[in-house]
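Open the model in your viewer and keep the selection tool ready. We will go stop by stop.

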Amino acid sequence: MPRPKVHDEALRARLLEQAGETLSTQGLDALSLRKLAADADTSTTAVYALFGGKPALLAALVDEAFRRLAAHLERVRTTDDPVEDLVALGLAYRDSALADPHLHDVMFGGAAREGDPPAAAFAPLRRAADRAAAEGRLRAGVRPETVTLGVWATLHGLTAAELRGVGPGCADDVKVVFETVLRATVAAWAT
């Protein structure tokens, strides 16, 4: 008879959640496996059994963050208007960041990932930009990869500022500002 699985997916998820919170609030130096285990009410043995060590834990954390971002973007329904879809995807990006702010931080913090972010996380943006180009909705000479990068950079900057509470004072609702800037960015490339 096999032994019961003590270190299950629920514990793995709890450890990732706690590690993400520690990274975003206290930084990489504050993340120790012993403290993480204590904060998650488990043992360091469980952390090692599930992740093999700190480098693998960090890699799993970043992968989980990108998986959640991709899931948010994939839930956006495709419409007949790829330009409007870019805006909807941008709003979903913001929603993802607000839903998991500590995981959003670790995706782009550089502490846990080497190389480029997973393309799958940004595939919905690229598909919408490709559709806009194919349908003649982008200005002449504008390439879909330029639109994808530009929209992502806008989203990333606005979201990072919102999560950190920085930026010039604005009497408008942050979501209204976010959408207004996003729409202006998309409109700059659209016909």
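**A tour of the helices and the core**

Start with Asp41, in the loop that joins α2 (33–39) to α3 (44–51). This is a predicted model. Is Asp41 buried or exposed? Asp41 is exposed, with a relative accessible area of 70%. Now check its backbone. Most residues other than glycine have a negative phi. Asp41 is not a glycine, yet its phi is positive, about 55°.

**Next: select α3**

Colour Ala46, Val47 and Phe51, which are buried residues of α3. Look down the axis of α3: the buried residues fall within an arc of 105°, so they line one face of the helix. An α-helix has 3.6 residues a turn, so residues three or four places apart point the same way. Now turn to the face away from the buried side. There you find Thr45 and Ala49, both exposed. What covers the buried residues of α3? The cover includes α1 (9–26), α2 and α4. Step past the end of α3 to Gly52, where phi is positive, near 85°.

**Next: show α4 and α5 together**

Two packed helices are described by the angle between their axes and the distance between the axes. For α4 and α5 (residues 82–99), the angle is about 140° and the axes are 9 Å apart. Angles over 145 degrees would count as roughly antiparallel. The angle here therefore makes α4 oblique to α5. The crossing of the two helices is right-handed. Which residues make the contact? From α4, select Arg68, Leu69, His72 and Leu73. From α5, select Leu89, Ala92, Tyr93, Asp95, Ser96 and Ala99.

**Next: zoom in on the core**

The largest nonpolar core has 49 residues. Select Leu57, Leu69, Val147 and Val151, which touch the most other members. Helix α4 (residues 54–74) gives the largest share of this core, 10 residues. Stay on Leu69. Setting aside residues up to four places away in sequence, Leu69 touches Tyr93, Ser96, Met107, Ala121 and Phe122.

**Last stop: His104**

Select His104 in helix α6 (residues 101–108). His104 is buried, with a relative accessible area of 4%. Which residues surround His104 in contact, beyond its neighbours within four places in sequence? They are Tyr93, Ala97, His156, Thr159 and Leu163. Finish with a distance between C-alpha atoms. His104 and Val62 are 42 residues apart along the chain, and their C-alpha atoms are separated by 8.8 Å.

Definitions and conventions. Residues are numbered from 1 along each chain as its sequence is written. This is a predicted model: local features need pLDDT of at least 70, side-chain atom pairs count only at pLDDT 80 or more; totals for chains, interfaces and linings use all residues. Side-chain values use heavy atoms; hydrogens and water are left out. A nonpolar core is a set of buried Ala, Val, Leu, Ile, Met, Phe, Trp, Tyr and Cys residues joined through side-chain atoms within 4.5 Å. Buried means under 20% relative accessible area, exposed over 50%, partly exposed in between (1.4 Å probe, protein chains only). Helices (H or I, at least four residues) and strands (E, at least two) are DSSP runs, numbered from the N terminus. Contact means heavy atoms within 4.5 Å. The arc is that of the directions from the helix axis to the C-beta atoms. Axes are lines fitted to C-alpha atoms, for helices over the stretch in contact, and angles run from 0 to 180 degrees between N-to-C directions. Angles under 35 degrees count as roughly parallel, over 145 as roughly antiparallel, 65 to 115 as roughly perpendicular and the rest as oblique. A crossing is left-handed if the near helix is turned anticlockwise from the far one by less than a right angle, and right-handed if clockwise.
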